Structure formats: C-alpha cells, structure tokens
Amino acid sequence: MGLTTLKMPQLGESVTEGTVDRWLKQEGDVVRRDEPIVEVVTDKVNAEIPSPVEGRLVRIKVAPGQTVPIGAALAELEVEGATAAAEDKAEPQPEAPTQPRPEPMPEPAGAGRLSPGIRKLLEENGIEVSQIKGTGPNGRVRREDVMSYLAEHRAPAPAEPRAASGPPPRRPPGERGDEVVRIGAVRRQIAEHMVRSVSTSPHAWALREVDVTHVLEYREGEKERFRERHGFALSYVPFFVQIVCEALLKNLYLNSTWTDEGIVLKHYVNMGIAVALPDTLIVPVVKDADLMGFVDLAHAINDLATRARGKSLRPEDVRDGTFTLNNTGALGSVAGQSIINQPQAAILSTESIRRRPVVVGDTVGIRPIMNLTMSFDHRIVDGLAASRFLNDVQAGIEEWTPEKIRL
C-alpha cells in the first residue's frame, strides 16, 4: 500500500488559489479512477476534481469553505501497489472512525457511475437516470446530459441561494431595513481577481462605432438553415471571433502578456469567450481559434457556453487564454468598460446592435450600428496600437463578405 496526494489543480493561467466547495467523498470511501471526489471554485470556474487513482480516501486535509494555494494538498488516497516515494509522504494518522453507510441502490444497465453531484441533481428534479442518455465513457451520465434533458423537458432545478451579484430576494411587504446577503466563494474570488487586475494594469479605454450590415444580412438569411443543420442557433460571436483573430495576428501587442523579463507576444490565438451566468461570469477558452474553420468554431463556442451554463467545464477549458471577447450586446449593453482578464493585454466587447441614422455618402440612411469597446493595458499598448487594431476589426466587420468565411 502507498499514499497518493490529491492537490489543488491549476484552474486558469492567472488563478493562484482555489476554494473547496464540498467533498463528494468522505474519509474511508472507496473511489474509482477519474471519479469526482471534490468540488472546488475559483473566479474562473467551478470544477469537480476527479480522483487520479483507484483507491480509498484516507484523509481530507482541507475543509469546505477553506481557500488554499494551487498545488496545496487537498487529500490523501491509499492505493494498492503504489509507492509512497513517488508522492509526498504523509505523517501517520490514526484511522478515522466511519459511520456505517447503506448499500448503494443498483443502477440501470448502461447508466455508468454517477457522481454524488449528478445523483443529487437527479433527485432534486425527480428524474430517473434511465430517462437520460449518457454521453460519457461507457454511457456514463454527465452533468451536461442532465442539464440538456432539463432544458428540453422541464424547468431547470431550483437555484442555489443567490450570491451578492444577483438581485436580493424580495422582502415581505411592509418590512424595511438592511439585509446581508452571504458572499459566496465564487463571488469572493471574482472580487479579488477584479481588484487585482485593476491594481496590476493601468486600464485605458476606447470606443468605435461599426456598421454591421453585411454580417447581419448574411446571418438573417442563414440562421434557420444553420439551426436545422447543426442543432443550435447561429450567433454573431463566431463571425466576430474570426475577424478579431485576424486583427490580433496583425497587431501582436494586443495578443501579449507583460512579464518582468519582457512583453511576451503570442503568435497564436486562444480566444476567451465571456459567458454570463446568473451569479457569476466565466471565461472558457477556444484553443487555437485562429486555425479553426467557421463551423468548427461555432460548434466549439456553443459547446463551451453550454457546459459553462451547466457548470461542467473542465480545468483545461479556462486555461491559456491570450485575448478575451465579451459579447455584452446580448445583455442589451450599448457601451461599457470591461476589466482585463489577467494576464492578458486587452478585452474587447461587442455591444448591442441598434438601427440608427448615419450619413452614407451625401444622404442619411438607417443602418445597424454596433459599438466596439476595448479596455487595454497601457503598459503594453499605446493609443496608436489600440487604434490600429480597432481599425482592422472595424474594416473586417464593415467589409465582410461570405467569401471571407474561413471554412
């Protein structure tokens, strides 16, 4: 027998710590390899951390609600045949008394293993596992399978108590006074990350008006065929991602990172896509977005957004972003200032499209106009470089034609 240490994983390039939300297994439990064992949260993602081995959980080192740095030991697992020398050796601990647990109920054939989190989600919504088609290995039901079923057949599960970012619960009529809303771990992590970003980078801001006539007309003509063929809506995001990728590779300082050794230019684009959730904001990353064809890009963005809303992103889904696109227009915003997602150099927001009168030649016409707003790190990017980048993005949108789609 030997001991293996479960450590807090790296859950994003600028994440330095994580908070244990709850343990899905208890001391003495037998765990299978890749079975979720603990839920952790950061400002970027909620993640179920799987067991790296098959064995028995012998010691939990971090209590729920406790925040620890990346790489800190979360728990120890006893593994048959493992060598203690391969891992951090633990001090002998007395065996913790365990309460007898009822035998698990047999699962329907083909259901695969269910994590406690998914089992709870099924119970809360009165769903049998046999009703859901699992898409995981060996037909295992994953969280996104349950969320897809709920979206198609009924209202979603009751929400957790709302964190400070959402509207507070309504007070009974006639009651007045203050009310304290508990700050959740995710909201606290976001707050710390935002303060750290503003303290680290001197933020500058720019706005640009863009005529989106060509993109809008093409999308309107193709969106029904696209949905029938691919099973999800055609949004503006993949159009803008392709255009922004091309502009970034022409303006590398917008796609860079400040370090003590120098400015690191990225000759590739890992595009972060901001996804708003009821109580938080998550930025999953499309890796090598500059190399992807339009349809593959649309599928990748839809997949990440769907899994973000289903709280089933993996740690690698939020790592290594080089630039962030924030589609605040979907929320009705006309102009706003976003905070840079550290350690990136800038964040670009596409605001809502509004029909407005504009001068076209010697006449006045009604055109669909969208604001582009960008926050950038003034240590790296000056006004000239920011303007050149926005010029390229504006030209890419206004001069767009179907022939420019990169398949």
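The model is predicted, so local features are taken at pLDDT of at least 70 and side-chain atom pairs at pLDDT 80 or more, while totals for chains, interfaces and linings use all residues. Residues are numbered from 1 along each chain as its sequence is written, and side-chain values use heavy atoms, with hydrogens and water left out.

The secondary structure of the protein comprises 7 helices and 18 strands; these are DSSP runs numbered from the N terminus, helices being H or I with at least four residues and strands E with at least two. Of the 407 residues, 45% count as buried, where buried means under 20% relative accessible area, exposed over 50%, and partly exposed in between (1.4 Å probe, protein chains only). The accessible surface comes to about 21600 Å², and carbon and sulfur atoms hold 52% of that area. Accessible areas come from the Shrake-Rupley method with a 1.4 Å probe, and for residues only the protein chains shown count as cover. Among contacts with a separation of 6 or more, 64% are between residues 24 or more positions apart; a contact means heavy atoms within 4.5 Å.

Val 186, Arg 187, Gln 189, Ile 190, His 193 and Ser 197 are the buried residues of α3. They lie on the same side of the helix, because they cover an arc of only 160° around the axis; the arc is that of the directions from the helix axis to the C-beta atoms. Val 195 and Ser 199, on the other side of α3, are exposed. The packing partners of the buried residues are the strands β2 (17-23), β4 (36-41), β5 (46-50), β7 (67-69), β9 (203-211) and β14 (280-282).

Buried in α7 are Ala 386, Phe 389, Leu 390, Val 393, Gln 394, Gly 396 and Ile 397. Seen down the axis, these residues fall within an arc of 160°, so they line one face of the helix. Their cover includes the helices α4 (213-230) and α5 (237-250), along with β9, β16 (323-326), β17 (346-360) and β18 (363-377).

Pro 64 sits in the loop between β6 (55-60) and β7. With a relative accessible area of 51%, Pro 64 is exposed. Not counting residues up to four places away in sequence, Pro 64 touches Val 20, Asp 21, Arg 22 and Trp 23.

On the surface, Tyr 253, Trp 258 and Ile 263 form a nonpolar patch with about 280 Å² of accessible area together. Patches are made of residues with over 30% relative accessible area and no salt bridge, joining like charges within 9 Å and nonpolar side chains (Val, Leu, Ile, Met, Phe, Trp, Tyr) within 5 Å. Trp 258 belongs to strand β10 (residues 256-258) and is partly exposed at 37% relative accessibility.

Side chains of opposite charge can pair when their charged atoms come close. The whole structure holds 14 salt bridges, each defined as a side-chain nitrogen of Lys or Arg within 4 Å of a carboxyl oxygen of Asp or Glu. One of them joins Glu 78 and Arg 56 at 3.0 Å, N to O. Because Glu 78 lies in strand β8 (residues 73-79) and Arg 56 in strand β6, the pair ties together parts 22 residues apart in sequence. Glu 78 is partly exposed at 24% relative accessibility, and Arg 56 is partly exposed at 22%.

Another salt bridge joins Glu 220 and Lys 223 at 3.3 Å, N to O. These residues are 3 apart in helix α4, which means that about one helical turn separates them. In the bridge between Arg 307 and Asp 317 the N to O distance is 2.7 Å. Arg 307 lies in helix α6 (residues 294-309) and Asp 317 in the loop between α6 and β16, so parts 10 residues apart in sequence are tied together.
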